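Good morning. Please have the model open while I go through a few parts of it.

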Amino acid sequence: MKTENIVDIYTDGACKGNPGPGGWGAYLVSGQHEKEIYGGETQTTNNRMELQAVIEALQALKNPSKVHLYIDSQYVKNGINLWISNWKKTGWMTSGKKPVKNVDLWKPLDELVANHEITWVWVKGHAGNAGNERADLLANKGVPV
């Protein structure tokens, strides 16, 4: 995979009630170029919105890229770095022999991740990281009213 583009991506999810109306947001930066995207669903969970934000951000990339992906979700970070390989081996079952939650989002995320060289960076949410704060604003903007 040839990756010439370097992209910093900040993603976040938001939910008003869990479950409840939720939004996702992503802030993408490559050189002098910036892009903001967001959306939402009327009935969802915070974890689903965190996953959707990453999916939407990676789908927005036109070419394979070197990505620094900043997230404040331990669920997404652990899922992609620790759990997903075992989920695939066990037919998308957890170690407790239960179906993986949000498999409809984990599968496309897994496919998208294969197209890029991604460094996953966990940041503490609401702690002053400018990119994370911007992604949070976008996620909240995406929540349907």
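When I say that residues meet or touch, I mean contact, that is, heavy atoms within 4.5 Å. Helices (H or I, at least four residues) and strands (E, at least two) are DSSP runs, numbered from the N terminus.

This is a predicted model: local features need pLDDT of at least 70, side-chain atom pairs count only at pLDDT 80 or more, and totals for chains, interfaces and linings use all residues. Residues are numbered from 1 along each chain as its sequence is written, and side-chain values use heavy atoms, with hydrogens and water left out.

Let me start with two helices. From H2, Tyr-75, Val-76, Gly-79, Ile-80, Ile-84, Trp-87 and Lys-88 meet Trp-106, Leu-109, Asp-110 and Val-113 of H3. H2 covers residues 74–89 and H3 residues 103–113; they pack at about 95°, with axes 11 Å apart. Axes are lines fitted to C-alpha atoms, for helices over the stretch in contact, and angles run from 0 to 180 degrees between N-to-C directions.

Now the sheet. How many strands form it, and in what order? There are 5, in the order E3-E2-E1-E4-E5, making an open sheet with mixed pairing. Two strands pair if DSSP finds at least two bridges between them. E3 (33–44) and E5 (117–122) are the edge strands, each with a single partner, so one side of each has no neighbour in the sheet. From one strand to the next, the twist averages 20°.

Last, Thr-11, in strand E1 (residues 5–15). Is Thr-11 buried or exposed? Thr-11 counts as buried because its relative accessibility is 0%; buried means under 20% relative accessible area, exposed over 50%, partly exposed in between (1.4 Å probe, protein chains only).
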